[in-house]
There are 2 protein chains.
Amino acid sequence: MSIASDLLRGNTDTIILASLAEHDSYGYLINKEIMAKTEAQIELKDATLYSAFRRLEKEGLVTTYWGDEEVGARRRYYSITEKGREVYGQNKAEWQKAKQMIDSLLV
Amino acid sequence: MSIASDLLRGNTDTIILASLAEHDSYGYLINKEIMAKTEAQIELKDATLYSAFRRLEKEGLVTTYWGDEEVGARRRYYSITEKGREVYGQNKAEWQKAKQMIDSLLV
DNA sequence: CAAGATACCTCGCCTGTCAAGGTATCTTTT
DNA sequence: AAAAGATACCTTGACAGGCGAGGTATCTTG
């Protein structure tokens, strides 16, 4: 059984930023990598992913450009911005705190 | 700064069940106890709390009864059911797994 | 007597998730 | 050569949970 999406909510953007913090990437690949790392227990549905991208772009946390594949399907790459890295750091810190607080309530 | 509600979402019901697993309680008190335990970093807004109660009741995870206060504001008490304890256990396990998975993605 | 704490509740908006639908290209199988 | 499956993108509309804003009633304290 995979993780309930409500438990992921609030971390989706952070998870995407984490992926982009390592290297530029594109939707399909980000998803594959997440599934690989979590043994498919976490999967971002593509509608979720693309709405997250739009949000992140709007907030200036990522930039985007089209890949120059001469063969195969086109890819839209995303790149994390300086501001994106800052927010990523803050989000991670908040996640650490949230984890701790929730744990303190669940006996 | 308190915890973003999207990080709590998915744990609200579990947090309430945790509280009721210790002793019967009522809305106002549950909230106070949560705030005390987390130094006010987690706070369930009362609209959130009452909609959660309705949900939990509907699912048969809690039962409710009016307190017999002869003085002061009336209190509606909640009691966790056997099924509630089961679900609580499952939710805790899922939370443990989710934590681990998310951590494995945030480098 | 006013203010604040205790204690309950509803309505309607907002946000994020996602099922369902779509397009286009390439590879593998039949 | 046609079908199936993988790669890769995207939009729309419905749904659920959180919560701001509003309300009621009682008790305590300054």
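User: Which parts of DNA strand D, sugar or phosphate or bases, supply the atoms within 4 Å of the protein?

Analyst: One sorts the DNA atoms by the part to which they belong. In this predicted model, sugar or phosphate accounts for 77% of the atoms of DNA strand D within 4 Å of the protein, and bases account for the rest.

User: Which residues come nearest to DNA strand D?

Analyst: The surface around DNA strand D comprises 23 residues, of which A:Y28, A:R75, A:R76, B:R9 and B:T12 come nearest. By class, 10 are charged, 8 nonpolar and 5 polar.

User: Where do side chains place an N or O atom 3.0 Å or 2.3 Å from a phosphate oxygen of DNA strand D?

Analyst: One looks at individual atom pairs. The side chain of A:Y26 has an N or O atom 3.0 Å from a phosphate oxygen of DNA strand D, while for the side chain of B:T12 the distance to a phosphate oxygen is 2.3 Å. The elements giving two or more residues to the surface near DNA strand D are α3 (27-37) and α4 (46-58) of chain A, together with α4 (46-58) of chain B. The most come from α4(A), with 4 residues.

User: How is the size of an interface expressed, and what is the area buried between chain B and chain A?

Analyst: The accessible area lost when the parts come together is often used to give the size of an interface. Between chain B and chain A about 3,400 Å² is buried, with 67% given by carbon and sulfur atoms. On the side of chain B, the residues losing the most area to chain A are B:L7, B:W95 and B:L105, together 20% of what that side buries. The contact takes 34 residues from each of chain B and chain A.

User: How many salt bridges and polar contacts lie between chain B and chain A?

Analyst: There are 4 salt bridges across this interface, and 8 residue pairs are in polar contact. On the side of chain B that touches chain A, α5(B) gives the most, with 13 residues. That side divides into 17 nonpolar, 8 polar and 9 charged residues. A salt bridge links B:D6 with A:R9, whose closest N and O atoms are 3.6 Å apart.

User: What is the strand order of the open sheet in chain A?

Analyst: A sheet is read by its order and pairing. The 3 strands of this open sheet in chain A have the order β1-β3-β2, with antiparallel pairing. Its edge strands are β1 (25-26) and β2 (62-66).

Methods
Residues numbered from 1 in each chain as written. Chains lettered and ligands numbered in written order. Predicted model: local features only at pLDDT ≥ 70, side-chain atom pairs only at ≥ 80, totals over all residues. Heavy atoms only, no water. Contact = heavy atoms within 4.5 Å. Buried area = accessible area lost by both parts, 1.4 Å probe. Salt bridge = Lys/Arg side-chain N within 4 Å of Asp/Glu carboxyl O. Polar contact = N/O pair within 3.5 Å; in protein donor to acceptor, adjacent residues only side chain to side chain. Nonpolar A, V, L, I, M, F, W, Y, C, P; charged D, E, K, R; others polar. Pairing = 2+ DSSP bridges. Near = heavy atom within 4 Å.
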